[in-house]
Amino acid sequence: MIQQITKGIKISVATEYNGTSLRNTKLYHIFAYEITIENKSSNTVKLTDRFWKIYDSLNPTEIVSGEGVVGQTPTLKPNDIYTYTSGCFLESNIGAMKGFYTMINLNNYDQFKVFIPTFQLITPVLLN
């Protein structure tokens with residue numbers, strides 16, 4: 001598990017390889033990732049946006065951004081934990097993701113970024 005803390009917000013990432021899928025005559029490797037967000041600060045915060053860089057060794061870097069995560073914009077009080085699972089499709093069997101969440105401190109309405117550490121997306125065959 002990969003972890004990083006930014007301004008009292010701890011991000012933990014676990015990944016899983018889920019096999020392959022044929023889409024539009026192309027073979028893709030399917031990866032799932034579970035992200036846990038822990039508010040270790042003394043402030044209540046709200047996740048408003050996400051920004052991802054997705055690296056696929058066979059393709060240019062893909063940028064994905066938008067409101068919230070998996071359709072939600074969670075609010076976390078001190079010591080709250082929020083976990084969600086998502087995934088991505090890569091043409092290659094080697095890739096990575098990194099990014100950040102934009103959050104708002106609801107005590108003073110300051111906006112700040114919480115960094116998501118780089119995590120690897122590698123098929124199990126390559127790990128042996």
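This report describes the fold, sheet, core and selected residues of a predicted model.

## Basis of the model

Residues are numbered from 1 along each chain as its sequence is written, and side-chain values use heavy atoms, with hydrogens and water left out. Because the model is predicted, local features need pLDDT of at least 70 and side-chain atom pairs count only at pLDDT 80 or more, while totals for chains, interfaces and linings use all residues.

## Overall fold

The chain has nine strands and one helix. Helices (H or I, at least four residues) and strands (E, at least two) are DSSP runs, numbered from the N terminus. In sequence order the pattern is β-β-β-β-β-β-β-β-β-α.

The C-alpha trace spans about 50 × 30 × 20 Å along its principal axes. Of the 128 residues in the chain, 39% are buried; buried means under 20% relative accessible area, exposed over 50%, and partly exposed in between (1.4 Å probe, protein chains only). Among contacts (heavy atoms within 4.5 Å) with a separation of 6 or more, 64% are between residues 24 or more positions apart.

## The four-stranded sheet

Four strands form an open sheet in the order S1-S2-S3-S7, with antiparallel pairing. Two strands pair if DSSP finds at least two bridges between them. Strand S1 (2-6) and S7 are at the edges with a single partner strand each, so one side of each has no neighbour in the sheet. From one strand to the next the twist averages 25°; axes are lines fitted to C-alpha atoms, for helices over the stretch in contact, and angles run from 0 to 180 degrees between N-to-C directions.

Five bridges join S1 and S2 in the antiparallel sense, and Ile5 stands opposite Lys10 in S2. The hairpin of these two strands has two residues between them, and Lys7 there takes a positive phi near 50°. S3 and S7 also run antiparallel, joined by ten bridges. Glu38 has Ile81 in S7 as its bridge partner.

## Nonpolar core

A nonpolar core is a set of buried Ala, Val, Leu, Ile, Met, Phe, Trp, Tyr and Cys residues joined through side-chain atoms within 4.5 Å. The largest one has 25 residues, and those with the most contacts inside it are Ile11, Ile35, Ile37, Trp52, Tyr84, Tyr101 and Met103. At least two core residues come from each of S2 (9-23), S3 (26-39), S4 (45-56), S7 (81-90), S8 (94-105) and S9 (111-122). S9 gives the largest share, five residues.

Leaving aside residues up to four places away in sequence, the contacts of Trp52 include Tyr33, Ile35, Tyr84, Tyr101, Ile116 and Phe119.

## Selected residues

Thr102 is in strand S8 and counts as buried at 12% relative accessibility. Beyond residues up to four places away in sequence, Thr102 touches Lys46, Leu47, Thr48, Asp49, Gln111 and Phe112.

Most residues other than glycine have a negative phi. Thr25, in the loop between S2 and S3, has a positive phi of about 65° and is exposed at 77% relative accessibility. Asn79, in the loop between strand S6 (75-76) and S7, has a positive phi of about 75° and is exposed at 64% relative accessibility.
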